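Dear colleague,

Here is the structure I promised to pass on to you. Please have it open while you read, as my notes follow directly below.

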Amino acid sequence: MQHAEILLTGIVQGVGFRPFVKRTALEHGIKGYVENREFGVKIIAQAPKKSIDKFLKDILNNAPAVSTILTHSMKYLEDDVSDFETFEIAPSKKKGEISALIPPDIATCEKCAQEIIDKNDRHFSYPFTNCTNCGPRFSIIQSIPYDRKNTTMGKFIMCDDCNREYTTIADRRYHAQPNACPKCGPELRFIEIADESPVVTARREKAFDKTISLLQMGEIVAIKGIGGYHLVCNAMNKDVVEKLGILKYRPQKPFALMAKDIETIEEYCAVNKDEKNMLEGQQKPIVLLTKENEILEHVAQGVKDLGFMLPYTPLHYLLFKHFSLLVFTSGNISEEALENNDDSAYQNLANITQYYLSYNREIYNRIDDSIVTFAGDQKILIRKARGFVPKPINIARGIGKPQIFASGADMKGSFGLTKENIFIGSQYLGDLAFASNTKFYKESLEYFQSIFEMKPQIVMTDSHPNYFSTRLAQEFAENNELPIHFIQHHKAHIYSVMAENDLENVLGVSFDGTGYGDDGNIWGGEFFIINNTESERFAHLNYVPMISGERAAKEPWRMALIYLYKYYPEIVDSIITEKKFPQKDMIILQLLNDSVRLQTSSMGRFFDAVASLIDVCHFNSYEGEAPMKLEALADENFSEYYHFVFDKQRSLIEVDLIIKGIVNDIQEQKSKKYISSKFHFTIAKMVFDLCKKMKNESGIDAVALSGGVFQNVVLVNMIKRVFAGSELKLFWNTKVPPNDAGIALGQVYSYLLKSR
Ligand code: ZN
Ligand code: ZN
Ligand code: FE
């Protein structure tokens with residue numbers, strides 16, 4: 001018989017961890033105890049060595065999905081430890097037991113979902129039912145330690161029944177801080193805007209019934225969720241879906257859907273095992289799934305995927321007793337910050353709806369739905385928010401290093417903070433060109449510093465001189481008298497992949513829409529050899545003039561014109577007509593005058609140009625529209641390509657043959673599908689060819705790929721196919737998004753590599 005002490009750090013408190021350890025101990029015949037400590041959880045296990053090893057393995061592999069084990073250690077103890085007869089959860093000691101890490105919001109568990117439909121249970125039909133394994137966390141936590149009084153549940157005094165559950169170790173609601181029931185917890189309210197002021201017109205069941213009948217009548221209702229409001233309507237009613245798009249000022253942008261169950265989703269999309277696990281797991285993000293038919297085309301026009309999620313609060317479960325499918329889109333206007341505050345929602349969403357299903361518990365931290373997609377079995381985080389934040393990421397290199405604040409980038413705001421080996425990234429904060437999002441950013445930064453007790457000593461930021469996030473970082477550094485380091489955008493993308501995999505040397509492929517380059521140009525089609533702290537820009541897409549700046553990003557036809565003019569001027573007039581694009585001559589004049597000094601090597605803009613060339617999309621009504629519509633046409637099994645030339649002398653890739661090839665195929669009336677597939681495969685082959693060249697030069701065989709372009713699943717799958725069997729090994733982002741919201745992690749890592 002052996003005694004072992006097991007120490008676990010990470011998010012292991014407030015997530016049902018101790019009951020899980022006890023169950024696992026009983027399965028393996030382990031005696032001893034488990035207790036919460038200030039650093040995490042301590043276990044004393046008494047059993048034969050073989051059983052203890054299996055027990056630990058089981059704990060690491062099967063821990064509750066919402067927990068995050070950052071580090072673990074085990075040591076065997078001397079024999080004089082007293083013998084244990086049972087395995088127990090040690091009662092909590094008062095002081096110093098809560099670790100500073102807090103869990104993300106957790107989707108309703110099966111048991112709670114069962115109780116709310118059980119007529120004999122006291123939680124029957126109660127929309128705020130939760131337990132230790134599920135319910136709101138991050139969104140309601142105001143300060144630490146994580147106790148009820150420090151959450152927005154603090155004002156609700158537990159009734160006797162709830163309190164009994166809360167204080168009974170064996171109960172599923174033991175220490176469930178948001179525990180509530182119809183007697184003592186939050187209640188539903190229906191609010192209507194009459195003469196510009198909100199009036200409560202119904203409560204509890206009546207509020208719920210009103211919502212059901214309005215949705216059935218084809219109205220839009222704003223429903224308060226976990227991290228903010230949703231705008232909800234009947235997905236099958238084309239008129240109301242169209243109306244919602246217009247009122248949200250984004251008529252073309254796809255809407256997310258919530259479905260009753262997997263079977264409902266399967267009427268529109270095939271769902272594989274990984275996707276099913278993600279849909280049904282405790283995080284319940286929106287999962288992007290390839291359309292199988294056109295039935296829901298009006299919800300997501302011209303793109304490959306539909307975004308589905310399953311109910312994740314008791315209120316959702318109750319709603320879906322009456323529906324099988326609803327549009328469930330974020331409650332905001334256009335790209336503005338998600339509405340979480342009741343009064344602000346009534347004001348800002350007033351043009352969209354006068355109906356609100358709300359409740360009297362405050363959302364302290366707003367947090368949007370996360371979005372996940374899959375390329376094969378590889379998970380790609382498109383938007384990291386509810387369910388994923390604030391889970392820490394382990395960065396071993398941070399041990400013994402100063403604390404870091406990394407400000408991220410602007411297009412998709414998200415900052416990061418570190419303390420020793422812990423990296424915590426903020427939730428998705430939106431496009432920082434909008435004032436509501438910059439306010440959100442500042443509030444979150446304050447909150448994260450206080451809740452995780454972090455006090456940065458180093459500031460990392462993008463080298464873009466005009467980013468909001470850069471200026472904020474500079475102010476932060478000045479105000480706190482801290483050193484600040486600038487890191488080039490596309491290198492930071494690559495460092496984010498290196499951070500996830502603890503790599504030192506990689507071949508970096510950094511493709512996105514825009515980022516400030518070391519030479520002052522706009523980069524975005526970049527190949528790097530990164531050797532520890534040295535980085536070499538091995539190749540990039542050849543520059544084209546960047547005319548009309550921001551508008552070129554919003555209007556792909558401008559990029560098409562720019563590319564044609566550069567590589568195939570004699571064909572311009574037959575492809576881009578003045579009738580369709582009246583501003584055409586103005587741009588040509590600018591090109592002729594050579595008045596454009598700013599150049600771009602952006603891969604995103606190259607995709608834009610091709611999307612317009614083949615008449616798929618000339619104007620982006622939302623970010624990424626053109627490339628998404630181009631991707632929707634591409635067949636990932638395609639293997640023809642256009643030629644391109646690598647000019648080693650000038651470190652660039654010349655794409656004139658791609659443009660000419662595409663024009664040729666247009667003139668030969670090849671289908672859009674054909675051209676798009678061929679273009680996608682061309683880029684996959686370009687990545688492979690260049691990586692082989694970089695390997696020959698450097699001897700490095702690890703390839704790190706990052707940047708918004710790698711949200712394109714067809715391209716990712718093609719790249720994997722081309723690289724299969726080669727000596728090059730691919731690394732992707734899986735813990736942070738490949739888009740700009742993942743960049744803070746890269747900024748941190750670039751510092752950690754350099755500061756050894
Ligand atoms: Zn539960
Ligand atoms: Zn109660
Ligand atoms: Fe980027």
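Two rings of Phe, Tyr or Trp are called an aromatic pair if their centres lie within 6.5 Å, and the pair counts as stacked if the planes are under 30 degrees apart, as edge-to-face if they are over 60 degrees apart, and as tilted otherwise. By that rule the structure, which is a predicted model, holds 34 aromatic pairs.

Phe405 belongs to strand β18 (residues 404–406) and Phe476 to helix α12 (residues 468–480), so the pair ties together parts of the chain that are 71 residues apart in sequence. Phe405 is buried, with a relative accessible area of 0%, and Phe476, at 11%, counts as buried too, since the cut-off for that word is under 20%. Both residues are also members of one aromatic cluster, which includes Phe138, Tyr364, Phe415 and Tyr441 among its other members.

As for the chain as a whole, it has 23 helices and 31 strands. For 756 residues a compact globule would have a radius of gyration near 27 Å, and the protein chain, with 27 Å, agrees with that expectation. Along the principal axes, its C-alpha atoms fill a box of roughly 85 × 65 × 50 Å, and 61% of the residues count as buried. Among the contacts with a separation of 6 or more, 71% are between residues 24 or more positions apart.

Finally, a word about Cys159, which is placed in the loop between α3 (110–115) and α4 (160–167). At 12% relative accessibility, Cys159 counts as buried. Once its neighbours within four places in sequence are left aside, Cys159 is in contact with Arg122, Cys181, Lys183 and Cys184; of these, Lys183 is 24 residues away from Cys159 in sequence, while the C-alpha atoms of Cys159 and Lys183 are 6.9 Å apart in space.

Technical notes:
Residues are numbered from 1 along each chain as its sequence is written. Chains are lettered from A and ligands numbered from 1 in the order in which they are written. This is a predicted model: local features need pLDDT of at least 70, side-chain atom pairs count only at pLDDT 80 or more; totals for chains, interfaces and linings use all residues. Side-chain values use heavy atoms; hydrogens and water are left out. Helices (H or I, at least four residues) and strands (E, at least two) are DSSP runs, numbered from the N terminus. The radius of gyration is taken over C-alpha atoms; the globule rule is 2.2 Å times the number of residues to the power 0.38. Buried means under 20% relative accessible area, exposed over 50%, partly exposed in between (1.4 Å probe, protein chains only). Contact means heavy atoms within 4.5 Å. Rings of Phe, Tyr and Trp (its six-membered ring) pair if their centres lie within 6.5 Å; planes under 30 degrees apart count as stacked, over 60 as edge-to-face and the rest as tilted.
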